[in-house]
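This briefing concerns a predicted model.

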Amino acid sequence: MMLNPITMQIATDKYIRLALEEDINSEDVSTNSVMPAYKKGEVKLICKEDGIIAGLPVFERVFKILDENTEVEFFVKDGDAVKKGDLMAVITGDIRVLLSGERTALNYLQRMSGIATYTRSVVKLLEGSKTTLLDTRKTTPCMRIFEKYAVKVGGGTNHRYNLSDGVMLKDNHIGAAGGVKEAVAAAKAYAPFVRKIEVETENLDMVKEAVEAGADIIMLDNMTPDEMAEAIRIIDGRAETECSGNMTKENIARITKLGVDYVSSGALTHSAPILDISLKHLKPIE
């Protein structure tokens with residue numbers, strides 16, 4: 001998921017274009033009213049609160065799609081800690097492009113930086129433990145590639161990207177198959193042997209059944225710390241462990257001493273506030 005500029009452009013251009021089409025239906029009436037013809041200008045990208053910056057290539061691409069001649073000079077890079085008042089970039093080009101692309105570019109950058117900032121704060125809570133922080137598929141529709149990239153920038157790790165990416169047998173899969181044992185057996189018969197099989201469990205009986213069925217990863221979902229500790233004892237290294245369920249910055253520290261391999265948190269992508277960033281001081285230049 002840590003995409004280089006070429007693969008990021010290939011993977012994300014279609015979504016950026018849709019976002020621009022959403023914001024510019026036929027024309028930007030406000031901009032065309034005050035700037036009916038080409039005029040070169042520049043505008044400054046200013047950070048308005050402390051955080052971790054993520055999404056600068058996407059921010060730049062918005063303006064490049066509108067006009068390839070737009071120039072962006074960055075003074076920071078993705079993953080950098082930024083402070084309130086920092087000048088992060090200067091964007092130069094057609095003033096009409098700077099005005100029309102402003103909101104879409106900022107929407108991506110604010111959202112992605114907010115996720116990276118929140119993720120970094122949770123990662124710090126897990127320092128010193130063996131537990132790896134994972135994201136989930138609880139992402140904004142058509143924003144997953146951006147949001148999961150931001151998690152990586154913040155220091156987290158991506159869980160499966162989509163339904164084609166791995167086998168995870170959740171409560172409804174287990175119910176459809178008739179039980180944990182049956183679901184795991186069906187997955188082993190159908191899925192390629194190179195795929196790991198993860199099973200979501202809600203109680204210790206399900207944990208025992210998942211171990212006996214040969215699950216590769218056992219998710220401990222919405223269990224108390226005592227239940228998770230007992231589950232880890234039962235598993236005894238025969239499968240990797242992941243805890244999940246309402247794992248937020250406020251309560252995630254309670255699992256650091258359990259020795260669980262992974263903790264997955266939907267809050268990284270569905271509850272992170274945006275980072276306040278603005279484009280300011282637009283002015284014409286020669």
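Glu212 is located in helix 8. This residue is exposed, its relative accessible area being 68%. Together with Glu182, Asp205 and Glu209, Glu212 forms a patch of negative charge on the surface.

**Negative patch**
- Helix 8, spanning residues 204-213, supplies the largest share of this patch, with 3 residues.
- Glu212 exceeds the 50% cut-off above which a residue counts as exposed, because its relative accessible area is 68%.

- Because Tyr15 belongs to helix 1 (residues 5-23) and Phe146 to helix 5 (residues 144-153), the pair ties together parts that are 131 residues apart in sequence.
- Tyr15 is partly exposed, with a relative accessible area of 22%, whereas Phe146 is buried at 0%.

**Aromatic pair within helix 3**
- Phe59 and Phe63 also pair edge-to-face, with 5.3 Å centre to centre and 70 degrees between the planes.
- The two residues are 4 residues apart in helix 3 (residues 56-66), so about one helical turn separates Phe59 from Phe63.
- Phe59 is buried, with a relative accessible area of 0%, and Phe63 likewise counts as buried at 0% relative accessibility.

**Aromatic cluster**
- Tyr15, Tyr108 and Phe146 are linked into a cluster by ring pairs.

Methods: Residues numbered from 1 in each chain as written. Predicted model: local features only at pLDDT ≥ 70, side-chain atom pairs only at ≥ 80, totals over all residues. Heavy atoms only, no water. Patch = residues over 30% accessible without salt bridge, like charges linked within 9 Å, V, L, I, M, F, W, Y side chains within 5 Å. Areas by Shrake-Rupley, 256 points an atom, 1.4 Å probe, with all protein chains shown as cover. Salt bridge = Lys/Arg side-chain N within 4 Å of Asp/Glu carboxyl O. Lys, Arg positive; Asp, Glu negative; His and termini not counted. Charge placed at Lys NZ, Arg CZ, Asp CG, Glu CD. Buried < 20%, exposed > 50% of the residue type's maximum accessible area, 1.4 Å probe, protein only. Phe/Tyr/Trp six-rings, centres within 6.5 Å; stacked < 30°, edge-to-face > 60°.
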